Amino acid sequence: MATLQLREAIRAAMTEEMERDENVFLMGEEVAEYNGAYKVSQGMLDQFGPDRVIDTPIAELGFAGLGIGAAMSGLRPIIEFMTFNFSYVAFDQVVNNAPNMRYMSGGQFGCPIVFRGPNGAAGQLGATHSNSTEALYSNFPGLKVIAPSNPDDAKGLLKSAIRDDDPVVFLESEQMYGLKGEVSDESDYLLPIGKARIAREGDDVTIVAHSKSYHVTMKAAEELEKEGFSAEIIDPRTIKPLDIETIIRSVMKTNRLVVVDESSPFSSVASEVTHQVQERAFDHLDAPVLRVTPPDTPAPYAPNLMDRYMPSVEEIVRASKRVMYAAA
Amino acid sequence: MAIEIEMPKLTDTMEDGVLSAWLVDEGDEVSAGDVIAQVETDKATMDVEAFDDGVLLKKMIDEGDSVPIGQLIAVLGEEGEDISDLVAGGDGAAEAEASATAEDDTSTTASDATETSDASESAAPAGDGQVRDREPEPVPAGTDEEGRRIKASPLARRLAKEHSIDLATMDGSGPEGRIVRRDVEARIEEGEAAPAEPETAPAPQPSTEPAFEMPTSVVDEAGELYESENISQMRKTISRRLAQSKYTAPHFYLTVDVDMANAVEARKKLNALTEKQDGPKISFNDFITKSCALALRQHPYVNASYLAKDGEIRKYNQVHVGVAVAIDEGLITPVIRNADRKGLAQISKETRELAGRARNRELQPEEFEGSTFTTSNLGMFGIEEFTAIINPPNAAILAIGEIRDEPVVEDGEVVPGKRMKITLSCDHRVVDGAVGAQFLQDVKRYLEDPMNMLL
Amino acid sequence: MADDKSKAQTDPADALDAPSGDGAADEEAVTESAADEATEPEGPWTRQSIDIPDGPITETVEYNTYPADRFSHDELDLADDDLMPMLRNMLLQRRFEERCRQMYQRQKISGFLHLYIGQESVSTGSVYGIRLGEDSVITAYRDHGIGLAMGMDPGVCMAELFGKKDGCSRGKGGSMHFFDASKRMFGGHAIVGAHLPLGAGVAFAHKYRGEDNVCLCFFGDGAMAQGAYREALNLAGIYDLPIVFICENNQYAMGTAVDRVQAEPDLFKHGRSFDMPCSLASGMDVFSVNRAVKDHVALARDGQPSMLEIRTYRYQGHSISDPAKYRQEGELDARKSEDAIVRLEQYIVNQGVAADSEIETLDEEIKQEVLDAIEFAENSDFPDDDAIYEHVYAQEDYPFIN
């Protein structure tokens with residue numbers, strides 16, 4: 001096991017796949033000469049040259065679409081959005097072209113592409129730069145959406161995503177790029193897309209949390225432990241397809257569920273998990289499912305407002321206690 | 001071969017069209033691409049064109065007629081061709097009129113009409129059938145006798161159903177009285193799953209209006225009349241369990257006065273020893289726990305439960321003594337397991353530790369559940385004697401008063417004495433008067449001569 | 001055709017470095033020319049000067065034109081034997097589209113239906129200018145014509161329009177989404193302008209693989225108002241992609257005339273912003289189209305993207321429910337008098353390649369072929385219900401929410 005930062009694990013995944021398959025290339029703003037806006041692609045230009053590590057103009061619609069055309073032709077592009085906030089400029093390409101090609105062509109043209117980059121709020125950046133897009137992109141049939149919480153998952157899942165024949169939205173986090181973790185040394189380390197990880201076992205309440213929220217939730221679990229409550233934490237890792245079976249099994253054990261999600265609450269990942277759980281495990285629920293999300297507002301700037309905005313340890317503890325009918 | 005010309009679909013939303021003008025006459029030659037008529041649709045006046053060459057043999061409708069898409073409006077063919085089967089059924093205009101009043105019948109007149117209806121069927125949402133298939137069976141919501149909906153979690157409903165528990169007989173401890181898992185589990189544990197027999201044990205009637213007058217306004221000139229406090233989960237549990245005990249277990253009480261002089265002496269000596277060993281001090285309560293535990297072994301009906309649901313009296317092979325501890329929110333009874341087999345020092349240590357954790361609300365369920373007998377001590381508050389409510393599913397509870405300095409007559413002389421009153425509450429369903437009295441005698445014997453505990 | 005690489009006279013960047021009498025600027029110009037001799041290493045840094053010369057900056061730009069009636073078939077390396085198949089190619093589109101109108105009116109075809117009648121020379125002239133099956137084609141939603149011109153089977157195309165399982169897209173695409181991977185027909189695309197970046201990507205893949213194939217990317221005049229147009233051309237320009245951007249200017253974006261919504265209605269000139277060779281061709285003559293496409297394809301094979309506007313005219317409304325009342329009186333008839341099919345028929349007869357009667361026979365054959373296509377579509381089944389879950393994901397066991 002090697003200890004890598006998240007950015008290094010992502011870089012390792014891309015590098016290994018580009019070494020393995022000539023059809024894989026990396027394209028995006030500042031990925032080559034600048035070595036990556038967040039240094040994810042550092043050194044890759046030197047290794048692979050400008051034909052495979054390609055700087056683009058600030059034209060997300062254009063280069064996202066270019067990637068889709070290349071993918072329809074059988075290449076395997078990795079399209080980096082400097083942040084997923086900018087993917088909205090390419091929205092039509094990501095949601096209306098990439099996922100529909102296979103279907104509309106009756107299976108003749110696939111789209112093996114990965115759109116990747118940081119997602120979600122990253123501090124005080126204001127509303128336009130703080131979008132959490134996982135719920136949004138999960139709404140489009142034909143797309144897969146992955147949002148790992150640690151370097152090991154990131155590496156194994158990104159390698160799988162690059163090899164996947166379907167378009168994948170791979171969501172990282174600016175604030176997690178420096179996060180260190182043990183990463184498998186396995187020469188060909190692949191993790192299956194669509195499989196959740198039981199990150200912590202417990203009996204009293206199930207908490208589902210992904211990406212950055214997962215780390216907040218682990219802290220909340222420690223707080224709950226101090227008060228004698230044992231939380232089971234499930235990191236879905238892949239948002240779509242969602243490993244609902246693992247969540248259902250856990251809820252059948254604990255009978256209570258809290259979903260933590262950085263997406264805005266309306267039609268969020270939390271909404272979807274909640275719906276599926278009530279549909280499939282209704283008679284196992286001892287309390288309404290609660291979710292911890294930002295309020296239904298744009299992300300603010302002021303530090304106190306931003307603290308209020310992001311899901312917090314306190315909110316997760318409070319929600320957990322409520323579903324356990326424990327005095328707060 | 002004759003070619004039928006039908007009312008065309010000219011816009012994506014059109015359903016029927018008014019033939020506003022014929023641009024050719026019967027007998028005229030027509031080429032593919034010629035405009036033969038104009039039709040007013042929902043959107044605009046559109047041209048009707050011929051897609052084949054031929055002679056217009058027959059107009060089937062007149063200008064001004066409105067017909068649905070697909071209805072025959074004209075027949076194209078070769079000069080002199082027999083088209084009688086196409087025009088059979090009479091005048092097209094009359095048909096058109098009929099169709100305007102009874103649209104459902106039009107399908108019989110238009111050659112494409114059957115396909116039309118096919119198309120509209122297939123245009124219905126394909127998932128429709130699936131949705132119906134997936135509609136879940138309605139789950140009975142559960143109502144009380146007055147038909148009010150009972151609030152219970154889905155899990156609680158399922159558990160109740162599995163254990164044949166009528167939710168209407170239960171109070172819930174969740175928000176707004178929601179019955180949740182722990183409520184049903186408590187009921188299962190109590191063995192009270194069957195509805196209480198009303199003639200012997202009337203259930204509490206929480207819905208009954210209180211008999212006393214409630215203040216009608218919260219504030220008067222003197223200020224607030226009362227403060228409201230949400231009923232805590234613990235209070236609700238105490239309320240439910242003790243009410244259930246008092247209402248369903250017929251209590252009777254036995255009191256005895258115990259000479260504690262020897263116990264006081266023994267405690268002094270023991271504590272001198274434990275002090276040297278850095279051990280915990282032995283309290284009088286520890287003496288009582290130990291005495292009860294030893295006596296319980298000799299009186300199996302006191303160390304028992306009356307389980308109506310299972311139709312049995314359960315006599316326990318182990319002795320687990322619950323010790324009531326007052327905490328801020330209420331009280332809780334940590335359990336000294338196998339107290340009959342533990343020494344005083346061990347009992348003392350465990351009791352202190354459990355009480356401390358109880359006050360910090362750190363007790364795990366297994367630490368306060370499963371007692372076979374309970375003691376409650378209010379001596380430290382100067383209470384001389386009292387009666388306690390049995391802690392279900394125990395068969396008895398011992399209430400302990402203070403140790404009093406009292407003049408006593410010994411060998412004909414009045415001397416200072418140490419006395420303590422203890423009161424046993426018994427569940428008459430399992431403990432009869434004599435059984436309780438004999439048990440109490442033994443407890444008294446151990447306390448009055450602690451050396452007996454060593455035997 | 002102007003040589004794209006010799007841009008010395010027209011490039012404003014060069015004009016900036018022109019001697020201006022200012023000493024510093026002169027020095028700069030010297031340095032720059034030294035750099036042009038490849039002594040200065042390539043780098044990510046800018047080479048643009050901010051020493052602004054005395055103005056004004058003037059440029060002379062040349063645009064090639066391909067008017068009607070200029071080219072004969074032998075000049076295009078077309079044999080006599082190519083002419084009747086070329087006519088057949090165009091007539092098939094015309095007859096197919098005419099029956100489509102009828103089939104829509106009979107409710108065999110649903111959804112939006114955009115007909116190609118009047119524009120057949122664009123598709124046919126283009127297809128005769130590429131290596132069919134090796135070069136790639138991508139277009140917008142008015143896609144029946146190019147599909148048929150590329151040799152897609154009319155029955156399979158009609159089955160698609162009928163929503164049948166034997167359709168070219170298995171009944172999942174409809175009129176606006178014809179695809180044929182075997183012909184490298186990368187689809188009809190129905191969001192205006194959104195497929196231009198895809199075309200750049202298809203061309204990118206050709207280049208990435210080191211092939212000398214090219215991509216023809218067709219779009220309408222309306223698409224040129226989209227941002228995607230600018231982004232796609234810019235990307236093609238900076239990556240030297242083998243692509244020809246072909247604007248089929250049929251004069252109307254739905255009902256809006258091109259000069260009402262383009263500040264520069266000479267659409268071919270827009271390519272200049274990306275330093276691309278730009279041309280204007282007549283869509284009323286299949287030879288003009290063919291010559292233009294061949295010239296631009298040659299550029300593309302050399303890694304030079306370019307812009308070609310073809311002025312054409314659709315005879316029908318935008319879609320089937322558009323009566324096209326926005327046209328000027330007599331406009332349609334004037335255009336029809338220049339009809340590209342009629343023009344080719346006359347050319348064939350005048351050249352003595354075939355007689356009128358032979359052309360009539362050909363037309364009858366094609367009409368029957370279209371009726372056969374309708375019969376094929378009619379007899380084909382609708383897709384199985386389960387087909388709704390097919391081809392969404394490549395993954396076979398994808399856990400659908402259903």
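**Close-up 1. The surroundings of C:G133.** Leaving aside neighbours within four places in sequence, C:G133 is in contact with C:K183 and C:R184. Two residues are in contact if their C-beta atoms, placed from the backbone, lie within 7 Å. C:G133 and C:K183 are 50 residues apart in sequence, yet 4.6 Å apart in space, C-alpha to C-alpha. C:G133 sits in the loop between α4 (120-127) and β2 (136-139) of chain C. Helices (H or I, at least four residues) and strands (E, at least two) are DSSP runs, numbered from the N terminus. C:G133 counts as partly exposed because it has 13 C-beta neighbours inside 10 Å. A residue is buried if 20 or more other C-beta atoms lie within 10 Å of its own, exposed if 12 or fewer, and partly exposed in between; C-beta atoms are placed from the backbone.

**A note on the model and numbering.** This is a predicted model: local features need pLDDT of at least 70, side-chain atom pairs count only at pLDDT 80 or more, and totals for chains, interfaces and linings use all residues. Residues are numbered from 1 along each chain as its sequence is written, while chains are lettered from A and ligands numbered from 1 in the order in which they are written.

**Close-up 2. Where chain C touches chain A.** Here 36 residues of chain C are in contact with 34 residues of chain A. On the chain C side, β3 (185-188), α7 (196-208) and α8 (227-239) each supply at least two residues. The largest share, nine residues, comes from α7(C). By class, this side of chain C has 22 nonpolar, 10 polar and four charged residues. Ala, Val, Leu, Ile, Met, Phe, Trp, Tyr, Cys and Pro count as nonpolar, Asp, Glu, Lys and Arg as charged, and the others, Gly among them, as polar.

**Close-up 3. Helix α1 against helix α7 in chain A.** Helix α1 (residues 6-20) and helix α7 (residues 151-163) of chain A pack at an angle of about 25 degrees, with their axes 8 Å apart. The pair is therefore roughly parallel. Angles under 35 degrees count as roughly parallel, over 145 as roughly antiparallel, 65 to 115 as roughly perpendicular and the rest as oblique. Axes are lines fitted to C-alpha atoms, for helices over the stretch in contact, and angles run from 0 to 180 degrees between N-to-C directions. Among the residues that meet are A:L6, A:A9 and A:I10 in α1(A), and A:P151, A:D152 and A:A154 in α7(A). The contact has nine nonpolar, no polar and five charged residues.

**Close-up 4. Two cis peptide bonds.** One joins A:K240 and A:P241, with omega about 0 degrees. A:P241 is in the loop between β12 (238-240) and α9 (244-254) of chain A. Another joins C:G55 and C:P56, with omega about -10 degrees. C:P56 is in the loop between α2 (23-36) and β1 (64-66) of chain C.

Close-up 5. C:D77 is not a glycine, but has a positive phi of about 60 degrees. C:D77 lies in the loop between β1 and α3 (80-105) of chain C. With 10 C-beta neighbours inside 10 Å, C:D77 counts as exposed. C:R170, also not a glycine, has a positive phi of about 60 degrees. C:R170 belongs to the loop between α6 (154-161) and β3 of chain C. C:R170 is buried, with 23 other C-beta atoms within 10 Å.
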